[in-house]
Amino acid sequence: MNLKFNEFSRLNYYRYMEMISVYPWEKNYYRNLYYKEYKKLYFKRFKNNNLKEFTLEELSYYDGSNGRDSYVAVDGIVYDLSLEATWGGGTHFGLYAGKDLTSQFKGCHQDMRSILDKLPKVGVIKE
Amino acid sequence: MKDEKLCPVLDSKKKTVNKIIDLAISESKKTNKKINLIWLEACGCSGNIISLLNADDPDIIFFLENMVNLTYNNSLMRKEGERAFEVFLKTLETEFILVVEGAISTKENGFYNVIAKYNNKYITGMEAVKMAADKAKYVLSVGSCASYGGPSAARPNPSESISVPDFLDREVIRVPGCPCHPTWIIGTLAHIIYFDKPKLDEENRPVIFYGVTIHDRCERRSYFEKGLFAEKLGEKECMFKLGCRGPITRTVCPTMEWNSRHNWPIGDNTPCIGCAREGFPDSMEPFVRF
Ligand code: HEM
Ligand code: SF4
């Protein structure tokens, strides 16, 4: 993982504050901040490297059923929607995860990059 | 006592509710003029009027005695047949509020939903809503069918139903829910009667009842944040992986709860199915994902 200096130091700082806090709610507050930061960095790992290659068949496994992850491909890039609140159970306004939904995405969200940029990327579609 | 000095917000929180209650009580005593109300049941299941009967604080008796003059509603009124419809026609001459529940069936000129027979002529729901809406002071669409089409307009929509706001070209206050919570109906009507139109959002829903998502105030939210998810119904964690629609549905269910503040779907281990949202039920499927 290549992390910037200040991201590491933020983690350390939260841990440290949790340790020296006296009150339980204060401890809890820093613990939450720590986990949030940790989650962010965890997904960054996927974002920067380790981009896996998927065939459409492999992608169809990640449809969000039975607690599986839900992945969706848009423009050849596979996004992880497992923790995206609007995609409960891998479904979203009648759409199911585990597919290439490029045309549906463009049909409903025009071409809003801002939505996609926020999502963790997990891989690319193999031609 | 110590709290007050430390934090003024804490103190005001305890008083805000009382202030609102006192205001409501004093306003309800001030006006003794009751406005007429027509409650039309169009193409739906009449679930909202039944839900209204379950109101408390204020209950339905207070509502009917002190707040409105319910002249026409086919479930609650005493008159029948043509005599009932005459009351409807007479109310049109006065100042009144119109509440519509159920969608507007448009197939064959609305003939799939006949609500009365008058002078040997069938009166369709479509016709009655049109007649009343032209003269009403306010129009409320109560329930998801009236507000968005809902189950009546679900695929394949054999009656070609559409929502009330789509059917009328005038302002319609949407009070969705399947059924609608009695407090949301009475609350919206009370605001109209004692003050004026409540503050509405971009979909014309009262912000006070539809301002935040269910996910925002859900009791299982901490599980969601920690990534702890229920794998089957009946577990106590967040039901996100089972297809919960709480994050896209705006109502105050988590704080107000149902059946006299007794419980609510997520409190009873059922994921939210988005019943108060546009697109229910087709776009909210599947209701449970395994
Ligand atoms: C049938 C087509 C679609 C429809 C009708 C639709 C509709 C919507 C709506 C109404 C919202 C806002 C939800 C709310 O906050 O109440 C939303 C959010 C979102 N949609 Fe879709 N969507 C569609 C397809 C897709 C696809 C294919 C993707 C996959 C990449 C996607 C990803 C998202 C994401 C990530 C959000 C959250 C955006 C945010 O946080 O601001 N949608 N969608
Ligand atoms: S149960 Fe539904 S509304 Fe509650 S936290 Fe989970 S996803 Fe959100």
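Which helices of chain B each supply at least two residues of the lining of the largest pocket? In this predicted model, they are α2 (8-30), α4 (60-67), α9 (182-194), α10 (207-210) and α13 (253-256). Among these, α2(B) gives the most to the lining, with eight residues.

The lining residues that lie nearest to it are B:I20, B:I21, B:A24, B:D57 and B:T183. In total, 31 residues line the largest pocket. By class, 20 are nonpolar, seven are polar and four are charged. The space inside comes to about 1,300 Å³.

Now place the largest pocket in chain B. Domain 1 spans 33-207 and domain 2 spans 215-284. Both give residues to the lining, so the largest pocket lies between them.

Turn next to the second largest pocket. Its volume is about 1,100 Å³. The lining consists of 38 residues, and the closest to the pocket centre are A:L83, A:E84, A:K118, A:L119 and A:P120. Several elements of chain A give two or more residues each to this lining. The helices are α1 (5-20), α2 (24-48), α4 (102-109) and α5 (113-118). The strands are β2 (71-74) and β3 (77-80). Chain B joins them through α12 (221-226), which also gives two or more residues.

Within that set, α2(A) provides the largest share of the lining, eight residues. The residue classes of the second largest pocket are 19 nonpolar, six polar and 13 charged.

Methods
Residues numbered from 1 in each chain as written. Chains lettered and ligands numbered in written order. Predicted model: local features only at pLDDT ≥ 70, side-chain atom pairs only at ≥ 80, totals over all residues. Heavy atoms only, no water. 1 Å grid on protein atoms, 1.4 Å probe; cavity = no way out; pocket = protein on both sides within 12 Å on 5 of 7 lines; lining within 4 Å. Points joined across faces, edges and corners; volume = space filled by probe spheres on them. Helix = DSSP H or I, 4+ residues; strand = E, 2+ residues; numbered from the N terminus. Nonpolar A, V, L, I, M, F, W, Y, C, P; charged D, E, K, R; others polar. Domains from an automatic or database assignment.
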